[in-house]
Amino acid sequence: MRLLRALLLLIPALAGCGQGGSLAITHVTVVDMETGDQLPDQTVVMEAGRIAIVRPSAEVVTPAGATVVDGSGRFVVPGFADMHVHLYTEGDLLTYVANGITTVRNMAGDSTHLAMRRRIAAGTIIGPRIFTAGPVV
């Protein structure tokens with residue numbers, strides 16, 4: 001339940017970041033995916049939906065106007081990719097995001113999946129990046 005509450009607080013900040021705003025997650029522990037090391041007290045700055053800065057919090061000046069999220073006692077990991085999914089409804093999309101999955105490959109697609117992808121890109125719904133196949137033959 002704590003994860004869901006944290007996600008629901010963070011989603012509006014991330015949505016604004018995707019529209020050209022900035023987001024700074026401060027005092028968070030970052031897991032280095034190359035070494036497995038935990039890097040404590042880092043600040044992660046996102047600009048226009050992309051990670052721009054990952055540095056020790058003491059070295060980062062938060063951009064003016066950025067949404068700031070205090071990540072004390074929390075961890076940041078990269079978004080996960082699920083390369084074999086079957087999307088059925090828009091309700092599935094938030095479930096993926098809530099579990100840290102930011103990219104999916106849909107194995108049996110149709111026009112509804114293309115519409116979902118457009119709505120995610122437009123920011124009208126929340127969901128992962130969708131790569132989709134065509135209909136099952």
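Me: Helices are DSSP runs of H or I with at least four residues, strands are DSSP runs of E with at least two, and both are numbered from the N terminus. In which strand is the place of Thr26?

Reply: Thr26 has its place in strand 1. Before going on, note that this is a predicted model, where local features need pLDDT of at least 70 and side-chain atom pairs count only at pLDDT 80 or more, while totals for chains, interfaces and linings use all residues. Residues are numbered from 1 along each chain as its sequence is written, and side-chain values use heavy atoms, with hydrogens and water left out.

Me: How many helices and strands does the protein have?

Reply: There are three helices and eight strands. Read from the N terminus, their order is α-β-β-β-β-β-β-α-β-α-β.

Me: What is the mean pLDDT of the protein?

Reply: pLDDT is the predictor's confidence in each residue, on a scale from 0 to 100. Here the mean is 87, and 85% of the residues reach 70 or more. Look at the start of the chain, too. Over residues 1–9, pLDDT stays under 50. For that stretch the model has four contacts beyond four places in sequence. A contact means heavy atoms within 4.5 Å.

Me: Which residues is Thr26 in contact with, leaving aside neighbours within four places in sequence?

Reply: They are Gln42, Thr43, Ser57, Val68, Val69, Asp70, Gly71 and Ser72. Ser22 is also found in strand 1. Ser22 counts as buried because its relative accessibility is 19%. Not counting residues up to four places away in sequence, Ser22 touches Met46, Glu47, Pro63, Ala66 and Thr67.

Me: How far apart in space are Val31 and Val77?

Reply: From C-alpha to C-alpha, Val31 and Val77 are 5.9 Å apart. In sequence they are 46 residues apart. Val31 lies in strand 1. With a relative accessible area of 22%, Val31 is partly exposed. Beyond its neighbours within four places, Val31 contacts Asp37, Phe75, Val76 and Val77. Now take the whole protein. Of contacts between residues at least 6 apart in sequence, 50% join residues at least 24 apart.

Me: What phi does His27 have?

Reply: His27 has a positive phi of about 55°, although it is not a glycine. His27 is found in strand 1, residues 22–31. At 39% relative accessibility, His27 counts as partly exposed. Now turn to Asp41. Its phi is near 50°, again a positive value in a residue other than glycine. Asp41 sits in strand 2, residues 38–47. Its relative accessibility is 38%, so Asp41 counts as partly exposed.

Me: How many salt bridges does the structure hold?

Reply: A salt bridge is a side-chain nitrogen of Lys or Arg within 4 Å of a carboxyl oxygen of Asp or Glu. This structure holds two. One joins Glu59 and Arg55, whose closest N and O atoms are 3.4 Å apart. Arg55 is partly exposed at 43% relative accessibility. In another, the side chains of Arg119 and Glu90 meet at 2.3 Å, N to O.

Me: Which parts does the pair of Arg119 and Glu90 tie together?

Reply: Arg119 lies in helix 3 (residues 111–122) and Glu90 in helix 2 (residues 90–98), so the pair ties together parts that are 29 residues apart in sequence. Arg119 is partly exposed, with a relative accessible area of 34%. Glu90 counts as partly exposed too, at 39%.

Me: Which residues of helix 2 are buried?

Reply: An α-helix has 3.6 residues a turn, so residues three or four places apart point the same way. In helix 2, the buried residues are Leu93, Tyr96, Val97 and Ala98.

Technical notes. Buried < 20%, exposed > 50% of the residue type's maximum accessible area, 1.4 Å probe, protein only.
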